[in-house]
Amino acid sequence: MRNYFPNKTSSNLSKKMLIQPFFVDQRLKTKKVIKGMGLNYSWSKNSILSGIESDLKKGIKNFLLFVVPKDKQKLPEDFSFHYEIIKKIKKQFKNDITLLVDSCICSITPDGHCGITHKKKINLKKTHYVLGLAANTYLEAGADIIAPSDMMKNTTRYLRKIFQENGFSEAQIMSYSTKFKSNFYGPFRNIASSSPKGFDRSSYQLPIANRNKAIENSVINAAQGANYLMVKPGMTSLDLIADIKKETLLPTGAYQVSGEYASLQLLHSNKLGNYLELLLESLQVFSRAKADFIISYGARDIAKYL
Ligand code: PBG
């Protein structure tokens with residue numbers, strides 16, 4: 001099985017370890033600037049190929065896709081727009097790109113939660129059913145790696161089981177295995193139209209102060225069959241990366257999330273710092289902390305310097 005993000009042997013930052021997140025929004029006719037997020041856009045179905053083409057020219061090969069559908073669904077079962085987008089991208093770029101797809105449903109559920117809720121609680125059975133349906137559809141469309149960010153109990157185990165049943169025994173999973181409940185996801189939730197309503201995400205995302213629980217969650221995901229692990233937000237989780245790798249021996253990366261990234265842009269726009277230098281410094285520290293891959297909204301800006 002191919003290892004897209006092998007354990008690194010040096011602490012140098014490299015292009016190969018960078019992953020560029022991007023959004024495709026079904027509500028749009030053309031690309032739309034995302035305020036405060038530099039060269040990040042919400043793409044329409046018809047503009048996305050040109051966006052990827054432009055990133056490829058900058059030296060980016062790995063992409064993490066978020067799809068924002070136009071309609072909400074109480075029990076999401078229609079992932080046809082997701083399918084269409086993934087298929088279109090892979091048909092055009094084939095294995096010139098590695099396409100990771102976030103399989104969370106928070107941009108589809110009417111209350112913005114990452115699972116199916118009933119009376120302010122997650123219904124795990126229904127949630128797994130929907131997450132499995134989504135992930136399976138993305139594999140059928142040609143996704144290279146499924147990235148479940150929902151943080152529900154035993155999602156990785158559930159996905160492994162249904163992938164096996166559906167003939168995807170080689171499917172790869174990048175688990176958001178140590179993902180905290182965080183204040184740094186603000187810009188993302190605006191873009192993905194996924195702000196939680198009624199109650200927050202503390203019943204399924206990790207508490208920031210509990211180190212053992214944070215590491216344990218990655219260990220559990222490794223045991224359930226994840227191929228790659230992740231800490232998120234990145235800059236507030238640097239201390240966990242090496243320990244997770246030691247416990248699991250799996251490639252482990254970091255996600256510099258939207259709020260962290262936007263803060264670098266804000267320093268720049270307020271003339272309190274230089275964006276590119278801030279970005280390079282922050283990503284070098286991820287690398288020094290032994291991240292095997294880095295997801296950053298600034299990946300395309302930094303690639304040409306590496
Ligand atoms: C979906 C998801 C979130 C992010 C990635 N996947 C938001 C959340 O959990 O609230 C955050 C990414 C970012 O802020 O850049 N569950």
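## Helices α6 and α7

Start with who touches whom: from α6, Arg211, Ile215, Ser218, Val219 and Ala222 meet Asp243, Ile244, Glu247 and Thr248 of α7 (contact means heavy atoms within 4.5 Å). This is a predicted model, where local features need pLDDT of at least 70, side-chain atom pairs count only at pLDDT 80 or more, and totals for chains, interfaces and linings use all residues. Residues are numbered from 1 along each chain as its sequence is written, and side-chain values use heavy atoms, with hydrogens and water left out.

Helix α6 covers residues 211–223 and helix α7 residues 241–248; their axes come within 10 Å and cross at roughly 40 degrees. That makes α6 oblique to α7 (under 35 degrees counts as roughly parallel, over 145 as roughly antiparallel, 65 to 115 as roughly perpendicular, and the rest as oblique). Axes here are lines fitted to C-alpha atoms, for helices over the stretch in contact, and angles run from 0 to 180 degrees between N-to-C directions. Helices (H or I, at least four residues) and strands (E, at least two) are DSSP runs, numbered from the N terminus.

## Helices α2 and α3

Next up, α2 (residues 80–93) packs on α3 (residues 124–141) at about 30 degrees, with the axes 8 Å apart. The two are therefore roughly parallel. On the α2 side, the contact uses His82, Tyr83, Ile86 and Lys87, and on the α3 side Thr137, Tyr138, Glu140 and Ala141.

## Aromatic pairs

Now the rings: there are 14 aromatic pairs, counting Phe, Tyr and Trp (its six-membered ring) with centres within 6.5 Å; planes under 30 degrees apart are stacked, over 60 edge-to-face and the rest tilted. Phe22 and Phe63 have ring centres 6.0 Å apart and planes at 90 degrees, so they are edge-to-face. Phe22 is in strand β1 (residues 18–25) and Phe63 in strand β4 (residues 62–68), 41 residues apart.

Tyr176 and Tyr255 make a tilted pair, 6.2 Å centre to centre with 45 degrees between the planes. Tyr176 sits in the loop between β9 (172–173) and β10 (178–179), while Tyr255 is in strand β12 (residues 252–256), 79 residues apart. Tyr176 is buried at 2% relative accessible area, and Tyr255 is buried at 2% too. Ring pairs also link Tyr176 and Tyr255 into a cluster with Phe23, Phe66, Phe188, Tyr261, Tyr275 and Tyr297.

Conventions
Buried < 20%, exposed > 50% of the residue type's maximum accessible area, 1.4 Å probe, protein only.
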